[in-house]
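Reader: I'd like to learn how to read an interface and a few single residues off a model. Can you walk me through it?

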Protein chains: 2
Amino acid sequence: LAGVDPALIRHFFGDKATLFATTVADRTTIPEILVASLQGDPDTVGARLTETYLGLWEEPETRRVLLALVRSATTSPRAAVMLQDVLGSRIRVTAAGNPPDNEQMRRVGLAGAHLFGVAMARHVMQLSPLNTMAYATLVSEVAPTIQRYLTDTHHESINRTRRR
Amino acid sequence: LAGVDPALIRHFFGDKATLFATTVADRTTIPEILVASLQGDPDTVGARLTETYLGLWEEPETRRVLLALVRSATTSPRAAVMLQDVLGSRIRVTAAGNPPDNEQMRRVGLAGAHLFGVAMARHVMQLSPLNTMAYATLVSEVAPTIQRYLTDTHHESINRTRRR
(Lines give C-alpha, C1' and ligand atoms only; values in the text may rest on other atoms or scores of the structure.)
Protein backbone atom coordinates (compact mmCIF):
# COMPACT_ATOMS: atom_id res chain seq x y z
CA LEU A 1 0.00 0.00 0.00
CA ALA A 2 3.04 2.26 -0.55
CA GLY A 3 2.07 5.74 -1.68
CA VAL A 4 -1.51 5.44 -0.42
CA ASP A 5 -2.62 7.83 2.31
CA PRO A 6 -3.46 5.75 5.42
CA ALA A 7 -6.26 8.21 6.26
CA LEU A 8 -7.87 7.44 2.91
CA ILE A 9 -7.70 3.72 3.64
CA ARG A 10 -9.30 4.25 7.05
CA HIS A 11 -12.01 6.39 5.46
CA PHE A 12 -13.06 3.58 3.13
CA PHE A 13 -12.30 0.51 5.23
CA GLY A 14 -12.51 1.78 8.79
CA ASP A 15 -10.00 -0.52 10.40
CA LYS A 16 -7.50 -3.27 9.68
CA ALA A 17 -10.06 -6.02 10.34
CA THR A 18 -12.41 -4.54 7.73
CA LEU A 19 -9.66 -4.01 5.17
CA PHE A 20 -8.47 -7.55 5.66
CA ALA A 21 -11.98 -9.03 5.49
CA THR A 22 -12.78 -7.02 2.34
CA THR A 23 -9.67 -8.33 0.61
CA VAL A 24 -10.33 -11.93 1.59
CA ALA A 25 -14.06 -11.73 0.76
CA ASP A 26 -13.27 -10.30 -2.70
CA ARG A 27 -10.98 -13.21 -3.57
CA THR A 28 -12.56 -16.31 -2.11
CA THR A 29 -14.75 -18.55 -4.28
CA ILE A 30 -16.62 -19.86 -1.23
CA PRO A 31 -19.91 -18.04 -2.08
CA GLU A 32 -19.96 -19.61 -5.57
CA ILE A 33 -19.23 -23.09 -4.14
CA LEU A 34 -22.12 -22.74 -1.65
CA VAL A 35 -24.60 -21.46 -4.25
CA ALA A 36 -23.63 -24.33 -6.60
CA SER A 37 -24.48 -26.86 -3.87
CA LEU A 38 -28.06 -25.54 -3.82
CA GLN A 39 -28.60 -26.58 -7.46
CA GLY A 40 -30.02 -30.03 -8.20
CA ASP A 41 -32.53 -32.41 -6.62
CA PRO A 42 -34.57 -30.46 -4.00
CA ASP A 43 -35.04 -33.65 -1.96
CA THR A 44 -31.32 -33.80 -1.15
CA VAL A 45 -30.45 -30.09 -1.05
CA GLY A 46 -30.04 -30.17 2.75
CA ALA A 47 -27.42 -32.91 2.58
CA ARG A 48 -25.57 -31.17 -0.28
CA LEU A 49 -25.38 -27.80 1.47
CA THR A 50 -24.41 -29.41 4.79
CA GLU A 51 -21.66 -31.53 3.20
CA THR A 52 -20.34 -28.62 1.17
CA TYR A 53 -20.32 -26.03 3.96
CA LEU A 54 -18.93 -28.27 6.71
CA GLY A 55 -16.51 -29.74 4.14
CA LEU A 56 -15.04 -26.26 3.54
CA TRP A 57 -14.27 -26.13 7.28
CA GLU A 58 -12.60 -29.57 7.17
CA GLU A 59 -10.05 -28.49 4.52
CA PRO A 60 -7.11 -26.65 6.15
CA GLU A 61 -6.84 -24.13 3.29
CA THR A 62 -10.48 -23.01 3.25
CA ARG A 63 -10.72 -23.33 7.07
CA ARG A 64 -8.01 -20.67 7.35
CA VAL A 65 -10.03 -18.30 5.15
CA LEU A 66 -13.25 -18.93 7.09
CA LEU A 67 -11.50 -18.52 10.45
CA ALA A 68 -9.98 -15.24 9.31
CA LEU A 69 -13.38 -13.93 8.20
CA VAL A 70 -15.00 -14.99 11.50
CA ARG A 71 -12.25 -13.31 13.53
CA SER A 72 -12.65 -10.08 11.54
CA ALA A 73 -16.42 -10.11 11.97
CA THR A 74 -16.31 -10.79 15.71
CA THR A 75 -13.69 -8.15 16.45
CA SER A 76 -15.09 -5.38 14.21
CA PRO A 77 -18.81 -4.64 13.72
CA ARG A 78 -17.85 -2.70 10.58
CA ALA A 79 -16.09 -5.76 9.14
CA ALA A 80 -19.22 -7.84 9.92
CA VAL A 81 -21.46 -5.44 8.00
CA MET A 82 -18.98 -5.25 5.10
CA LEU A 83 -18.77 -9.07 4.92
CA GLN A 84 -22.54 -9.30 4.87
CA ASP A 85 -22.60 -6.77 1.98
CA VAL A 86 -19.79 -8.29 -0.10
CA LEU A 87 -20.63 -11.97 0.40
CA GLY A 88 -24.38 -11.29 0.18
CA SER A 89 -24.05 -9.47 -3.14
CA ARG A 90 -21.72 -12.20 -4.47
CA ILE A 91 -24.39 -14.78 -3.59
CA ARG A 92 -27.10 -12.67 -5.24
CA VAL A 93 -25.02 -12.27 -8.41
CA THR A 94 -24.26 -16.01 -8.53
CA ALA A 95 -27.92 -16.88 -8.03
CA ALA A 96 -28.94 -14.37 -10.74
CA GLY A 97 -31.93 -15.34 -12.83
CA ASN A 98 -33.23 -17.04 -9.71
CA PRO A 99 -32.95 -14.32 -7.04
CA PRO A 100 -34.20 -15.39 -3.59
CA ASP A 101 -37.33 -13.72 -2.19
CA ASN A 102 -37.70 -12.66 1.49
CA GLU A 103 -39.20 -16.01 2.43
CA GLN A 104 -36.25 -17.88 0.91
CA MET A 105 -33.78 -15.48 2.56
CA ARG A 106 -35.36 -16.31 5.93
CA ARG A 107 -35.02 -20.07 5.35
CA VAL A 108 -31.48 -19.84 4.00
CA GLY A 109 -30.61 -17.53 6.91
CA LEU A 110 -31.81 -20.05 9.48
CA ALA A 111 -30.03 -22.93 7.73
CA GLY A 112 -26.86 -20.85 7.39
CA ALA A 113 -26.93 -19.74 11.02
CA HIS A 114 -27.25 -23.36 12.11
CA LEU A 115 -24.35 -24.53 9.92
CA PHE A 116 -22.23 -21.60 11.03
CA GLY A 117 -22.90 -22.44 14.70
CA VAL A 118 -21.89 -26.07 14.15
CA ALA A 119 -18.66 -25.01 12.43
CA MET A 120 -17.88 -22.52 15.23
CA ALA A 121 -18.58 -25.13 17.93
CA ARG A 122 -16.38 -27.71 16.17
CA HIS A 123 -13.48 -25.60 14.90
CA VAL A 124 -13.39 -22.48 17.08
CA MET A 125 -14.97 -23.21 20.48
CA GLN A 126 -13.74 -26.86 20.32
CA LEU A 127 -17.01 -27.94 21.93
CA SER A 128 -17.11 -31.62 22.90
CA PRO A 129 -18.38 -33.90 21.36
CA LEU A 130 -18.79 -31.86 18.15
CA ASN A 131 -15.01 -31.33 17.87
CA THR A 132 -14.21 -35.05 17.80
CA MET A 133 -17.22 -36.39 15.87
CA ALA A 134 -16.40 -37.94 12.46
CA TYR A 135 -17.22 -35.58 9.59
CA ALA A 136 -19.70 -38.04 8.02
CA THR A 137 -21.49 -38.49 11.36
CA LEU A 138 -21.72 -34.75 11.86
CA VAL A 139 -23.21 -34.32 8.37
CA SER A 140 -25.81 -37.04 9.02
CA GLU A 141 -26.76 -35.43 12.37
CA VAL A 142 -27.27 -31.97 10.89
CA ALA A 143 -28.44 -32.51 7.27
CA PRO A 144 -32.09 -33.43 8.04
CA THR A 145 -32.54 -30.14 9.93
CA ILE A 146 -30.98 -28.14 7.08
CA GLN A 147 -33.31 -29.93 4.66
CA ARG A 148 -36.29 -28.92 6.83
CA TYR A 149 -35.21 -25.26 6.95
CA LEU A 150 -34.61 -25.07 3.20
CA THR A 151 -37.96 -26.70 2.43
CA ASP A 152 -39.88 -24.74 5.09
CA THR A 153 -40.89 -27.82 7.08
CA HIS A 154 -39.00 -26.82 10.22
CA HIS A 155 -42.15 -25.81 12.15
CA GLU A 156 -43.35 -29.42 12.24
CA SER A 157 -43.38 -30.78 15.75
CA ILE A 158 -42.68 -34.37 16.68
CA ASN A 159 -45.49 -36.81 15.97
CA ARG A 160 -47.53 -34.11 14.29
CA THR A 161 -48.39 -33.57 10.66
CA ARG A 162 -47.24 -30.49 8.76
CA ARG A 163 -48.62 -27.29 10.20
CA ARG A 164 -48.62 -25.62 6.78
CA LEU B 1 -2.55 -7.15 39.54
CA ALA B 2 0.14 -5.06 41.23
CA GLY B 3 2.94 -7.18 42.72
CA VAL B 4 2.10 -10.21 40.60
CA ASP B 5 4.78 -11.44 38.21
CA PRO B 6 3.41 -11.06 34.65
CA ALA B 7 5.29 -14.24 33.64
CA LEU B 8 3.34 -16.15 36.29
CA ILE B 9 0.06 -14.82 34.91
CA ARG B 10 1.07 -15.83 31.40
CA HIS B 11 2.06 -19.27 32.65
CA PHE B 12 -1.42 -19.91 34.03
CA PHE B 13 -3.60 -17.95 31.63
CA GLY B 14 -1.57 -17.82 28.44
CA ASP B 15 -2.74 -14.50 27.12
CA LYS B 16 -4.98 -11.53 27.89
CA ALA B 17 -7.96 -13.05 26.06
CA THR B 18 -7.76 -16.18 28.23
CA LEU B 19 -7.30 -14.24 31.47
CA PHE B 20 -10.27 -12.06 30.61
CA ALA B 21 -12.47 -14.98 29.55
CA THR B 22 -11.58 -16.91 32.72
CA THR B 23 -12.57 -13.97 34.90
CA VAL B 24 -15.85 -13.41 33.09
CA ALA B 25 -16.69 -17.14 32.95
CA ASP B 26 -16.07 -17.48 36.70
CA ARG B 27 -18.54 -14.71 37.54
CA THR B 28 -21.42 -15.07 35.11
CA THR B 29 -24.57 -16.95 36.16
CA ILE B 30 -25.43 -17.74 32.54
CA PRO B 31 -24.65 -21.50 32.85
CA GLU B 32 -27.03 -21.81 35.83
CA ILE B 33 -29.77 -19.90 33.96
CA LEU B 34 -29.44 -22.22 30.94
CA VAL B 35 -29.43 -25.41 33.02
CA ALA B 36 -32.53 -24.19 34.92
CA SER B 37 -34.38 -23.78 31.60
CA LEU B 38 -33.89 -27.50 30.90
CA GLN B 39 -35.94 -28.43 33.99
CA GLY B 40 -39.70 -29.01 33.64
CA ASP B 41 -42.05 -30.43 31.02
CA PRO B 42 -39.98 -32.35 28.42
CA ASP B 43 -42.56 -31.53 25.71
CA THR B 44 -41.68 -27.82 25.88
CA VAL B 45 -37.98 -27.98 26.76
CA GLY B 46 -36.98 -26.82 23.26
CA ALA B 47 -39.04 -23.64 23.53
CA ARG B 48 -37.76 -22.94 27.08
CA LEU B 49 -34.08 -23.32 26.15
CA THR B 50 -34.54 -21.31 22.93
CA GLU B 51 -36.35 -18.46 24.73
CA THR B 52 -33.85 -18.40 27.57
CA TYR B 53 -30.69 -18.53 25.45
CA LEU B 54 -31.79 -16.07 22.76
CA GLY B 55 -33.32 -13.90 25.52
CA LEU B 56 -29.88 -13.58 27.17
CA TRP B 57 -28.63 -12.15 23.87
CA GLU B 58 -31.52 -9.65 23.70
CA GLU B 59 -30.65 -8.09 27.08
CA PRO B 60 -27.84 -5.50 26.66
CA GLU B 61 -26.16 -6.49 29.94
CA THR B 62 -25.91 -10.23 29.26
CA ARG B 63 -25.27 -9.61 25.55
CA ARG B 64 -22.12 -7.71 26.50
CA VAL B 65 -20.89 -10.70 28.53
CA LEU B 66 -21.67 -13.17 25.74
CA LEU B 67 -20.04 -10.97 23.09
CA ALA B 68 -16.92 -10.66 25.22
CA LEU B 69 -16.70 -14.43 25.66
CA VAL B 70 -17.20 -15.01 21.91
CA ARG B 71 -14.49 -12.47 21.05
CA SER B 72 -12.05 -14.11 23.47
CA ALA B 73 -12.79 -17.58 22.09
CA THR B 74 -12.44 -16.55 18.44
CA THR B 75 -9.19 -14.64 18.93
CA SER B 76 -7.46 -17.17 21.24
CA PRO B 77 -7.71 -20.97 20.89
CA ARG B 78 -6.48 -21.21 24.49
CA ALA B 79 -9.35 -19.03 25.69
CA ALA B 80 -11.78 -21.24 23.74
CA VAL B 81 -10.52 -24.39 25.47
CA MET B 82 -10.57 -22.67 28.85
CA LEU B 83 -14.16 -21.48 28.34
CA GLN B 84 -15.21 -24.97 27.35
CA ASP B 85 -13.59 -26.29 30.57
CA VAL B 86 -14.95 -23.65 32.96
CA LEU B 87 -18.46 -23.34 31.54
CA GLY B 88 -18.69 -27.10 30.92
CA SER B 89 -17.78 -27.94 34.51
CA ARG B 90 -20.18 -25.27 35.80
CA ILE B 91 -22.96 -26.91 33.77
CA ARG B 92 -21.99 -30.36 35.06
CA VAL B 93 -21.98 -29.15 38.68
CA THR B 94 -25.36 -27.43 38.24
CA ALA B 95 -26.85 -30.53 36.63
CA ALA B 96 -25.43 -32.73 39.43
CA GLY B 97 -27.57 -35.68 40.45
CA ASN B 98 -28.60 -35.81 36.81
CA PRO B 99 -25.27 -35.79 34.93
CA PRO B 100 -25.62 -35.98 31.13
CA ASP B 101 -24.36 -39.09 29.32
CA ASN B 102 -22.49 -39.02 25.99
CA GLU B 103 -25.71 -39.33 24.04
CA GLN B 104 -27.23 -36.34 25.85
CA MET B 105 -24.02 -34.33 25.42
CA ARG B 106 -24.27 -34.92 21.66
CA ARG B 107 -27.88 -33.72 21.55
CA VAL B 108 -27.25 -30.70 23.77
CA GLY B 109 -24.13 -29.93 21.71
CA LEU B 110 -26.11 -29.87 18.45
CA ALA B 111 -28.89 -27.76 20.00
CA GLY B 112 -26.34 -25.40 21.56
CA ALA B 113 -24.36 -25.05 18.33
CA HIS B 114 -27.57 -24.16 16.49
CA LEU B 115 -28.62 -21.54 19.08
CA PHE B 116 -25.10 -20.11 19.16
CA GLY B 117 -25.10 -19.79 15.37
CA VAL B 118 -28.44 -17.97 15.40
CA ALA B 119 -27.18 -15.55 18.08
CA MET B 120 -23.96 -14.93 16.13
CA ALA B 121 -25.86 -14.34 12.88
CA ARG B 122 -28.27 -11.93 14.60
CA HIS B 123 -25.99 -10.02 16.96
CA VAL B 124 -22.46 -10.35 15.55
CA MET B 125 -22.62 -10.95 11.79
CA GLN B 126 -25.84 -8.84 11.52
CA LEU B 127 -27.14 -11.31 8.96
CA SER B 128 -30.36 -10.21 7.26
CA PRO B 129 -33.19 -11.10 7.93
CA LEU B 130 -32.19 -12.68 11.28
CA ASN B 131 -30.94 -9.34 12.63
CA THR B 132 -34.28 -7.57 12.16
CA MET B 133 -36.70 -10.43 12.93
CA ALA B 134 -38.86 -9.94 16.04
CA TYR B 135 -37.55 -11.91 19.02
CA ALA B 136 -40.83 -13.89 19.37
CA THR B 137 -40.77 -14.78 15.66
CA LEU B 138 -37.16 -15.92 15.88
CA VAL B 139 -37.98 -18.14 18.88
CA SER B 140 -40.94 -19.72 17.04
CA GLU B 141 -38.77 -20.37 13.96
CA VAL B 142 -35.99 -22.09 15.92
CA ALA B 143 -37.69 -23.77 18.92
CA PRO B 144 -39.14 -26.81 17.05
CA THR B 145 -35.65 -27.75 15.83
CA ILE B 146 -34.17 -27.38 19.33
CA GLN B 147 -36.98 -29.57 20.65
CA ARG B 148 -36.10 -32.23 18.05
CA TYR B 149 -32.39 -32.17 18.93
CA LEU B 150 -33.04 -32.40 22.68
CA THR B 151 -35.50 -35.28 22.21
CA ASP B 152 -33.37 -37.08 19.59
CA THR B 153 -35.99 -36.82 16.84
CA HIS B 154 -33.82 -34.68 14.55
CA HIS B 155 -33.03 -37.54 12.13
CA GLU B 156 -36.64 -37.67 10.97
CA SER B 157 -37.01 -36.63 7.39
CA ILE B 158 -40.05 -34.83 6.01
CA ASN B 159 -43.11 -37.02 5.56
CA ARG B 160 -41.39 -39.94 7.20
CA THR B 161 -41.98 -41.61 10.54
CA ARG B 162 -39.32 -41.76 13.25
CA ARG B 163 -36.25 -43.64 12.18
CA ARG B 164 -35.60 -44.84 15.75
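Reader: Let's start where the two chains meet. How many residue pairs are in polar contact between chain A and chain B?

Author: Keep in mind that this is a predicted model. Between chain A and chain B, 17 residue pairs are in polar contact, both residues having pLDDT 80 or more. On chain A, the elements that give two or more residues to the side touching chain B are α5 (60-75), α6 (77-94), α7 (102-124) and α8 (135-150). Of these, α7(A) supplies the largest share, twelve residues. Sorted by class, that side of chain A has 21 nonpolar, 16 polar and six charged residues.

Reader: And how many salt bridges does the rule find across the interface of chain A and chain B?

Author: Two. A salt bridge joins A:Glu141 to B:Arg106, with the closest N and O atoms 2.3 Å apart.

Reader: How do I put a size on the whole thing?

Author: The size of an interface is often given as the accessible area lost when the parts come together. Here chain A and chain B bury about 4000 Å² between them, and carbon and sulfur atoms give 62% of that. In residues, the contact takes 43 from chain A and 43 from chain B.

Reader: Now a helix. What should I look for in α5 of chain B?

Author: Start with the general idea: an α-helix has 3.6 residues a turn, so residues three or four places apart point the same way. Helix α5 of chain B, residues 60-75, has 16 residues and reaches 22 Å from first C-alpha to last, close to the 22 Å expected at 1.5 Å a residue. Then check burial along α5(B): the buried residues include B:Thr62, B:Leu66, B:Leu69, B:Val70 and B:Ala73.

Reader: On to single residues. Is A:His123 buried or exposed?

Author: Compare its relative accessible area with the 20% cut-off, under which a residue is buried. A:His123 is at 16%, so it counts as buried. This histidine lies in helix α7 of chain A. Leaving aside neighbours within four places in sequence, A:His123 touches A:Trp57, A:Glu58 and A:Arg63. The side chains of A:His123 and A:Glu58 also make a polar contact of 3.4 Å.

Notes: Residues numbered from 1 in each chain as written. Chains lettered and ligands numbered in written order. Predicted model: local features only at pLDDT ≥ 70, side-chain atom pairs only at ≥ 80, totals over all residues. Heavy atoms only, no water. Helix = DSSP H or I, 4+ residues; strand = E, 2+ residues; numbered from the N terminus. Expected span 1.5 Å × (residues − 1). Buried < 20%, exposed > 50% of the residue type's maximum accessible area, 1.4 Å probe, protein only. Contact = heavy atoms within 4.5 Å. Buried area = accessible area lost by both parts, 1.4 Å probe. Salt bridge = Lys/Arg side-chain N within 4 Å of Asp/Glu carboxyl O. Polar contact = N/O pair within 3.5 Å; in protein donor to acceptor, adjacent residues only side chain to side chain. Nonpolar A, V, L, I, M, F, W, Y, C, P; charged D, E, K, R; others polar.
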